[in-house]
Amino acid sequence: MLEPLIRANINRLQGFYNHVPPPARDLIASARGWFLARIRYAPDAELILNDLRAHENWTDREISACQVCCLRETLERARRDVPFYADYPDIQIERVEDLQHLPVLERETVRENQERLLSRGIASHRRIRAGRTGTTGANLTVAYTEALARENWAFLLRQWAWAGVAPREPRVTLFGAQIVPAKRNKPPFWVYNRPDRQALLSIFHLSEKTAPAYLEFLRRHEGQVLEGFPSVLAILADFVLLRGEAIPMRVVFTTGEPLYPAARAKIEAAFQARVFDSYGMTEYCGLIQECEEGQMHLAPEYGYLEILDEQGQPAGPGEEGYFVWTSFLNEAMPLIRYRIGDRGLWQDSGPCACGRAFPLVVPTITRESDVLRSADGRLFSPRALNQLLKEASSMRFCQFVHDRPERVVVRVVAGNSRAAEEMMQVRARLQELLGPGMQVTAELAVAPLARPGGKLPLIVNQVPR
Ligand SMILES: [Zn+2]
């Protein structure tokens with residue numbers, strides 16, 4: 001039951017962590033890794049994974065039957081245990097389509113009802129709370145349990161199996177954790193989580209100057225699994241390709257952002273390995289994973305997916321629409337017909353050559369963004385800067401506008417009266433991250449900056465290169 005406590009105090013722990021020397025950071029990262037490994041590899045974890053692997057033989061009918069059954073259970077539990085759903089109509093689910101009688105939950109509604117969406121069936125000391133930033137900054141605190149963290153991990157391991165990788169193979173990770181203090185300008189830019197055989201690399205210290213250290217580190221870990229945000233791995237791949245010497249890794253797993261074809265090609269060339277992409281979210285509503293045939297499969301036991309058009313009607317095959325998710329696994333905070341803001345389409349290409357009948361979905365997610373280059377040459381991906389917004393809850397939109405070579409403007413559309421204060425906190429954090437060579441200012445705006453087609457990039461780079 002320690003994970004809820006650790007998560008609740010993560011900022012205080014981070015402050016302490018930032019002030020200890022590198023070897024102590026390894027120890028702390030390993031201790032944290034040990035707790036997570038205890039959750040992920042609890043005695044029943046192997047059974048869960050075996051079950052999931054058996055589902056790969058399901059027929060279309062078995063998949064539908066599972067989804068109908070999970071929808072019934074989810075609805076029943078939600079009406080019984082979750083205040084927000086208490087007044088929902090008691091509809092009978094005979095077919096998955098029956099779900100359409102219930103309202104679609106907008107992100108804003110979920111944000112406003114975060115507490116009423118918590119299940120009374122899960123004791124508060126068992127709830128893990130974690131922040132989730134939207135594509136443009138509006139924040140949501142989600143709740144889940146250790147049991148869900150374990151199930152979720154089993155789903156990830158199922159995809160590892162598709163890539164021919166066994167659990168606990170050594171891996172190099174580039175996700176959003178602040179594992180090295182922002183001010184540090186010499187190696188190590190990494191820590192080790194030894195119980196889980198994982199090396200974590202900082203995504204906040206990548207620059208032309210630090211690239212040799214990163215590449216040398218990767219070379220020492222050649223042949224291992226590499227995982228990270230696509231935009232971060234693409235920056236790293238650029239450095240590798242510039243050097244003209246590939247660093248072969250075993251396989252690459254990407255998630256957390258759209259993986260564009262150009263980035264995939266770069267990553268595969270630099271690391272001489274197949275990329276397996278996946279789409280998930282902190283709300284634990286659903287999961288889409290790439291198989292060995294390069295197709296994106298919905299995980300049907302994880303959540304139910306609808307793709308709806310502008311009028312709220314189901315989009316046909318090949319027609320892009322909004323993702324609307326109903327979570328099967330998250331009992332602590334069940335979300336029913338949750339319109340998450342991402343988009344995609346059903347792929348109508350017949351069964352996948354991998355043999356699995358899991359539906360094929362292409363997340364198109366029209367989030368696109370520039371990269372921010374600080375005065376000292378460090379490169380920040382949208383995902384790296386998104387980490388600054390994790391605590392923010394009062395801003396409707398927040399964008400980083402790089403308008404002059406040495407200036408970035410934090411541009412905020414307020415959600416409520418606390419927005420100005422939070423904006424200044426984000427400004428200060430960005431200033432600390434970018435260092436004295438950059439000037440960070442902040443301003444309130446009435447509307448976000450949109451690209452043609454309505455895209456709202458997190459980073460708007462207006463500096464000609
Ligand atoms: Zn497949």
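Trainee: Which residues does Asp 26 touch, not counting residues up to four places away in sequence?

Mentor: Asp 26 touches Trp 190, Val 191, Tyr 192 and Arg 194. Keep in mind that this is a predicted model. Asp 26 itself is found in helix α3, residues 22-40.

Trainee: What makes those residues count as contacts of Asp 26?

Mentor: The cut-off is heavy atoms within 4.5 Å. Trp 190, Val 191, Tyr 192 and Arg 194 are the residues that touch Asp 26 once those up to four places away in sequence are set aside.

Trainee: Why is Asp 26 called buried?

Mentor: Its relative accessible area is 19%. Buried means under 20%. Asp 26 therefore counts as buried.

Trainee: And why does Glu 306 count as buried?

Mentor: Use the same cut-off, under 20%. Glu 306 has 5% relative accessibility, so it counts as buried. Glu 306 is found in strand β12, residues 303-308. Leaving aside neighbours within four places in sequence, its contacts are Leu 99, Gln 100, Tyr 322, Phe 323, Val 324 and Arg 337.

Trainee: On to the metal. What makes Cys 291, His 297, Cys 352 and Cys 354 donors of the zinc ion?

Mentor: Distance. A donor is an N, O or S atom within 2.8 Å of such a metal. Here SG of Cys 291, NE2 of His 297, SG of Cys 352 and SG of Cys 354 lie 2.1 to 2.3 Å from the zinc ion. These atoms therefore meet the cut-off.

Trainee: Why is the arrangement around the zinc ion called tetrahedral?

Mentor: Check the angles. Four donors count as tetrahedral if all angles lie between 85 and 135 degrees. The four donor atoms subtend 102 to 119°, so the arrangement is tetrahedral.

Trainee: What spacing do the zinc donors follow along the chain?

Mentor: The pattern is C-x5-H-x54-C-x1-C. The pair His 297 and Cys 352 links distant parts of the chain, 55 residues apart. His 297 is in strand β11 (296-298). Cys 352 sits in the loop between β14 (338-346) and β15 (361-363). Both His 297 and Cys 352 are buried.

Trainee: β11 is also part of a sheet. What is the strand order there?

Mentor: The order is β5-β6-β4-β7-β8-β9-β10-β11, an open sheet of eight strands with mixed pairing.

Trainee: Why are β5 and β11 placed at the edges?

Mentor: Each has a single partner strand, so one side of each is left without a neighbour in the sheet. Neighbouring strands are turned by 20° against each other on average, direction ignored.

Trainee: How do you know that β10 and β11 pair?

Mentor: Count bridges. Two strands pair if DSSP finds at least two bridges between them. β10 (288-290) and β11 share three bridges, in the antiparallel sense. Ile 288 stands opposite Leu 298 in β11.

Trainee: What packs on this sheet?

Mentor: Helix α10 (261-271), touching β7, β8, β9 and β10. Its direction makes about 140° with that of β9.

Trainee: Why is β19 called mostly covered?

Mentor: Seven of its eight residues are buried.

Trainee: Last one. Why is the protein chain called as compact as a globular protein of its length?

Mentor: The chain has twelve helices and 21 strands. Its radius of gyration is 22 Å, close to the 23 Å that the globule rule gives for 465 residues, so the description holds. Of those residues, 53% count as buried.

Terms used:
Residues numbered from 1 in each chain as written. Predicted model: local features only at pLDDT ≥ 70, side-chain atom pairs only at ≥ 80, totals over all residues. Heavy atoms only, no water. Donors = N, O, S within 2.8 Å, 3.2 Å for Na, K, Ca; no water. Tetrahedral: all angles 85-135°; square planar, octahedral: opposite > 155°, others 65-115°. Helix = DSSP H or I, 4+ residues; strand = E, 2+ residues; numbered from the N terminus. Buried < 20%, exposed > 50% of the residue type's maximum accessible area, 1.4 Å probe, protein only. Axes fitted to C-alpha atoms, helices over the stretch in contact; angles between N-to-C directions. Rg over C-alpha atoms; globule rule 2.2 N^0.38 Å.
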